[in-house]
Amino acid sequence: MNSKISFRDVVKTFPLKGATFTALDGVSLDIADQEFVTVVGPSGCGKSTLLSMAAGLQEPDSGRVLVDGTPVSGPGPDRGVIFQQYALFPWLTVRQNVEFGLRLASVPTAERRRRTDQAIGLVGLSDFADALPKTLSGGMKQRCAIARAYAVDPQVLLMDEPFGALDALTRVQLQDQLLGTWSQEKRTVLFITHDVDEAVYLASRVVVMAAKPGRIHRVIDVDLPYPRTEEIRLSPEFRHIRNEVWTSVYHQEAAPPRAA
Ligand SMILES: Nc1ncnc2c1ncn2[C@@H]1O[C@H](COP(=O)(O)OP(=O)(O)O)[C@@H](O)[C@H]1O
Ligand SMILES: [Mg+2]
């Protein structure tokens, strides 16, 4: 099995008022190398918990989380994590924020410079490299956080509602930018969103989760070609898949609870 990321019968519980709350109840999912997978589902169904286990920030109670066939034992430079709340250092410029992880990794100066400039260029922030975060719009701050993850050159990008706080137009721009770098740099992406259109536009597969307990409800193939374009976004085929995902997110009660 040559999956890049594997979840094997993953169970995760949290203590809740003296009892046990099951956040993930036997989740199994394989993500191929260079695949783009999105995850949608109702609030509280365990999306962030799932992603944080791939990031190495949490461990399963039982089951296994593997990257390149090896159990995840903590965070690592092979996996870049991007959250909705861009945690930039306010006293550092865009360039210094992006460089930060490379400094931590003791990457030599010239190489650090090259990778920082490249990452800033990829997200379209070259003209703002010396700006402080407070002078940037929300979209630009999020681009900076994305550049910081790109700079470390991770093979895997783990993104948890990264565009959730942005306006619709910025969101569409960042989606196209992300798809552009994904296809150039050949990364594997696991991307959580609550936006069904975004989930379908980006992914080759959409994982629909269900809540109480958190589990995989359905996996829907997005049989649309890359590069994705506005024409695809407006096509009847796109609408058809989008409606299917929408129905399986918002009408889960009507379906059997454990449909594969
Ligand atoms: N550290 C924690 N302690 C207790 N409960 C948690 C913790 N993290 C998550 N949960 C619970 O687990 C469930 C899944 O959370 P989460 O993965 O954040 O869901 P989602 O991202 O799909 O909204 C929620 O009901 C949440 O309250
Ligand atoms: Mg979440």
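**Strands, ligand and domains**

Tutor: Start with one pair: Val206 stands opposite Ile220 in strand 10. This is a predicted model, where local features need pLDDT of at least 70, side-chain atom pairs count only at pLDDT 80 or more, and totals for chains, interfaces and linings use all residues. Residues are numbered from 1 along each chain as its sequence is written, with chains lettered from A and ligands numbered from 1 in the order in which they are written.

Student: How many bridges join strand 9 to strand 10?

Tutor: Strands are DSSP runs of E, at least two residues, and helices are runs of H or I, at least four, numbered from the N terminus. Two strands pair if DSSP finds at least two bridges between them. Here, six bridges join strand 9 (residues 205-210) to strand 10, and the two run antiparallel.

Student: What is the strand order in the open sheet?

Tutor: The six strands go 6-7-8-3-9-10, with mixed pairing. Strand 6 (79-83) and strand 10 (215-221) are the edges, each pairing on one side only.

Student: Which residues surround ligand 1?

Tutor: A residue is near a molecule if its C-beta atom, placed from the backbone, lies within 6 Å of it. Around ligand 1 you'll find, among them, Phe14, Ala23, Lys47 and Gly214. Helix 1 (residues 47-55) gives the most to this shell, three residues.

Student: Where do the domains fall?

Tutor: Bounds come from an automatic or database domain assignment. That gives domain 1 (3-78 + 156-254) and domain 2 (87-153), with C-alpha centres 25 Å apart.
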